[in-house]
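Here is a short note on the aromatic side chains of this model. Please keep the view open while reading the points.

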Amino acid sequence: MQRIGIISDTHSCWDPRFEQYLGNCDQIWHAGDVGDIDVINRLRRLAPVVRAVRGNIDHGEVARQFPAVDCFEVEGVKVWMTHIGGYPGRYQPGVATALRRHGVNLMVTGHSHILKVMYDHSLNVLHINPGAAGTHGWQKERTFILLTIDAGDMRDLEVVQLGKLKV
């Protein structure tokens with residue numbers, strides 16, 4: 001069993017509440033637009049495994065350390081994580097084919113700053129966009145997700161709300 005923290009679009013922002021919510025996770029996945037590598041370094045102090053993909057604002061050390069797409073397996077669930085991938089019915093070109101080819105069960109994206117959890121019945125894939133946890137962007141609410149994966153079962157999905165974005 002693995003408790004997963006799924007976060008995206010921090011844009012170099014560190015919120016002290018990340019420690020409270022992500023500190024008991026086995027893994028933290030960052031779906032891009034990390035910003036400063038310090039965010040990743042701080043996440044690495046919270047969980048034994050930290051995975052990330054680079055987003056469209058990521059350069060320097062973040063771009064050197066992380067791929068644009070990461071495909072991996074956790075507890076029997078095949079995961080596809082990328083920053084910009086679209087949504088069920090509106091995937092970026094080639095994404096649906098890749099999901100099918102790799103036998104993906106869970107797709108994680110960022111970029112839109114919009115929290116979405118949707119199931120794609122045509123591909124049998126759960127799509128998660130955790131929204132944006134940072135303070136830059138157009139989101140109304142800062143969010144991320146906690147999820148348990150246990151022997152192929154995805155459950156106990158929880159949306160963590162960090163509050164309204166102050167404009």
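1. Start with a charge over a ring. Arg51 sits over the face of Phe72, 3.8 Å from the ring centre. Bear in mind that the model is predicted.

2. There is another such contact to look up. Lys116 lies over the face of Tyr87, and here the distance to the ring centre is 4.2 Å.

3. Now turn to ring against ring. The count of aromatic pairs comes to four. One of them joins Trp14 and Phe18: their ring centres are 5.1 Å apart, with the planes at 85 degrees. Planes over 60 degrees apart count as edge-to-face, so that is the class of the Trp14 and Phe18 pair.

4. The cut-off for buried is under 20%.

5. Next, look at Tyr21 and Phe144. They form an edge-to-face pair, 6.1 Å centre to centre and with 75 degrees between the planes. This pair links distant parts of the chain. Tyr21 belongs to helix H1 (residues 17-22), Phe144 to strand S11 (residues 141-150), and the two are 123 residues apart.

6. The accessibility of each partner deserves a check. Tyr21 is partly exposed, with a relative accessibility of 25%. Phe144 is buried, and its relative accessible area is 0%.

7. Which residues form one aromatic cluster? They are Trp14, Phe18, Tyr21 and Phe144.

Key:
Residues are numbered from 1 along each chain as its sequence is written. This is a predicted model: local features need pLDDT of at least 70, side-chain atom pairs count only at pLDDT 80 or more; totals for chains, interfaces and linings use all residues. Side-chain values use heavy atoms; hydrogens and water are left out. Rings of Phe, Tyr and Trp (its six-membered ring) pair if their centres lie within 6.5 Å; planes under 30 degrees apart count as stacked, over 60 as edge-to-face and the rest as tilted. Helices (H or I, at least four residues) and strands (E, at least two) are DSSP runs, numbered from the N terminus. Buried means under 20% relative accessible area, exposed over 50%, partly exposed in between (1.4 Å probe, protein chains only). A charge sits over a ring if NZ of Lys or CZ of Arg is within 6 Å of the ring centre and within 35 degrees of the ring normal.
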